[in-house]
Amino acid sequence: MRKDVRILLVGEPKVGKTSLIMSLVSEEFPDVVPYRAEEITIPADVTPERVPTHIVDYSEAEQTDEQLFQEISKANVICIVYSVNNKKSIEKVTSHWIPLITENTDKDSRVPLILVGNKSDLVEHSSMETILPIMNQYSEIETCVECSAKNLKNISELFYYAQKAVLHPTGPLYCPEKKDMKALCIKALTRIFKVSDLDNDGILNDIELNFFQRTCFNTPLEPQALEDVKNVVRKNLIDGVCDNGLTLQGFLFLHTLFIQRGRHETTWTVLRRFGYDDDLELNQDYLFPPLKVPPDCTTELNHNAYLFLQSVFDKHDKDRDCALSPEELKDLFDVFPYMPWGPDVNNTVCTNDQGWITYQGYLSQWTLTTYLDVQRCLEYLGYLGYSIIAEQESQAAGITVTRDKKIDLQKKQTQRSVFRCNVFGDIGSGKSGFLQSFLGRNLMRQKTVKEEHRSYYAISTTYVYGQEKYLLLHEVFPDFDYLSDADLACDIVCLVYDVSNPYSFEYCAKVFKQYFMDSKTPCMMIAAKSDLPEIKQMYGCSPLEFCRRHKMPPPQSFTCNTAAAPSRDIYTKLTTMAMYPHARLRCMCTCNRCTFCLCQNFLNSELLQTVRAKLYAVVLRRSLTNFFFFFKKSLSPSSPRAALSHSFLLLHSAVFFCVVGPCNDSSQQAVANSSLWM
């Protein structure tokens, strides 16, 4: 919406242009009228639309043609004034003024025109019969107003219509010749309908209509008012109402009716609330709200944004199979001006056996977009109507900017949920297989991926100590001499070499020494294709010895040549190292022979789980018995308060122990202690 409005009055001499301006300002007809009134500015709080308005007069006696042309080019709306009792001034509207204005304005930005018939107090008849053919001939004419500067008739209405022609123009919305809305307007209103259709059933029910009404006009509709609206549609359109809800055709009909009855400000209010500008394009300020991201900080979706995206997924997953078919995905992105996700997305996130993006994959792709290109994410959320449906100020409210990574390292803890792992390796070392295995795809399934649909990213969730985190794998192109800052900026480095290629490890060793040996970024060596016979690497030392020298975990064996989905253990280790870069993990192997692995296997064994369950049950029964004992005791008049408090404390302790389980480390013990004494 414009920040101000500039109105220019033109016309033949003596038609009353200056008198109209002076009558508006002084609210009385002036005794002495100058040749030309000075430019006046009406403050925003005085105008109906709350927009500052500048009114400019033109005088042929005091101004040159060049000055007139400059004023025409600066005007937002032009009022062509004629005298209703002067036929020559009416003829000049079409023979002189409209052609002159057309020649001096940009063809792509049409200036709306208002025809003003002044001196209506001097005649008893109306000039509208003469003016209507002119209005039908020129689509840029918004309306015609007959007024009188002498008796102040329709003076304020004249300038209101002029202001309205700028702020709520008819031209972009409606085609008078076809008596229908223009294609761009229909497209915009169709998107608004689909965003407002919260359950995606093709109709706006009473709840959705009321939410729409409250969103656009800050007030709900009474039940009777809703019925009246639907009855109007029913009378004029067969398929306008279905199952007592408003269809898309009915929604479009209502707005056509508003425009035809001169209430196009209603349609403009709706369009602007949903982010559209005067050209019916989504406003850049709406799509890209300001969001400051300092260096060394990352961007993530917050809880509210994930809830919104979940509702969008549920809205379009019509068959409830927790995956989006190509038709469902197309329907979801129908409110976009283009298809944002290409075929490579299916090789970036998890899919089902049919190759359809799953619910987890859907959220992962959104997480990836937010992390890599937050501006693109803001744009996408804008198309989906996040700020409107979630009732937020802008899409930026759905983004969390994490704190500086240096602070995380100092505090030895992180609040982030997304961790980036850059994967380095020579050509043919198995990097792509490593990425696709993270998505649960073995070698056989990977062979079906087309080269043109290949992705250099893979993202999914892992669990670290019971917390769900996103791990983002990025395959770095193996050009050793041209590694950019983006290639080096990550939370953990993964160095992949082929155990069956004697020259594969050398590349990993060079990358580590040149770029990561002196950095604080943790690194892990991956011995890929471990199903093949291992060949001695042609390097100064073995990969194991290299890792020991540089205080790295031993090389991790990995293969994607499995019958089932490859193991995800190695990705959990990567995420753990990224979360705790300051910590030295006690064991990074899966040998099942060292003390750490044996202890872990024992702790996760079925026998121990059974013993723990029985122990919980015994503790609960004993605590409940003590609870009832002290509860009965509290009923006696001796010391009821102390006994009652003790009984409830025992019950609280028992329930917490059975839900949380025994505490294994100091942090869990602290949580348990604080919970017991709350």
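Trainee: How many of the residues lining the second largest pocket are nonpolar, polar and charged?

Mentor: That lining splits into 18 nonpolar, 14 charged and 12 polar residues. Here Ala, Val, Leu, Ile, Met, Phe, Trp, Tyr, Cys and Pro count as nonpolar, Asp, Glu, Lys and Arg as charged, and the others, Gly among them, as polar. Bear in mind that this is a predicted model, where local features need pLDDT of at least 70 and side-chain atom pairs count only at pLDDT 80 or more, while totals for chains, interfaces and linings use all residues. Residues are numbered from 1 along each chain as its sequence is written, and side-chain values use heavy atoms, with hydrogens and water left out.

Trainee: What volume does the second largest pocket have?

Mentor: About 1300 Å³. Of its 44 lining residues, Arg110, Glu142, Pro169, Thr170 and Gly171 are the closest to the centre. On a 1 Å grid over the protein atoms alone, a pocket is an open set of points with protein on both sides within 12 Å along at least five of seven lines, a cavity is a set where a 1.4 Å probe fits but cannot get out, and lining residues have an atom within 4 Å of a point. Points are joined across faces, edges and corners, and the volume is the space filled by probe spheres set on them.

Trainee: Which element supplies the largest share of that lining?

Mentor: α5, with four residues. At least two each come from α2 (65-74), α4 (128-137), β6 (141-146), α5 (155-167) and α9 (248-260). Helices (H or I, at least four residues) and strands (E, at least two) are DSSP runs numbered from the N terminus.

Trainee: And cavities? How many are there of 30 Å³ or more?

Mentor: One. The largest cavity has a volume of about 90 Å³, and 13 residues line it, with Asp408, Thr414, Ala578, Met579 and Pro581 nearest its centre. α17 (405-411) and α23 (569-579) each give two or more residues to that lining; α17 gives the most, three.

Trainee: Switching topic: at what angle do the axes of α6 and α9 cross?

Mentor: Roughly 125°, with the axes of α6 (residues 183-196) and α9 coming within 10 Å. Axes are lines fitted to C-alpha atoms, for helices over the stretch in contact, and angles run from 0 to 180 degrees between N-to-C directions.

Trainee: What do you call that orientation?

Mentor: α6 and α9 are oblique to each other. Under 35 degrees counts as roughly parallel, over 145 as roughly antiparallel, 65 to 115 as roughly perpendicular, and the rest as oblique.
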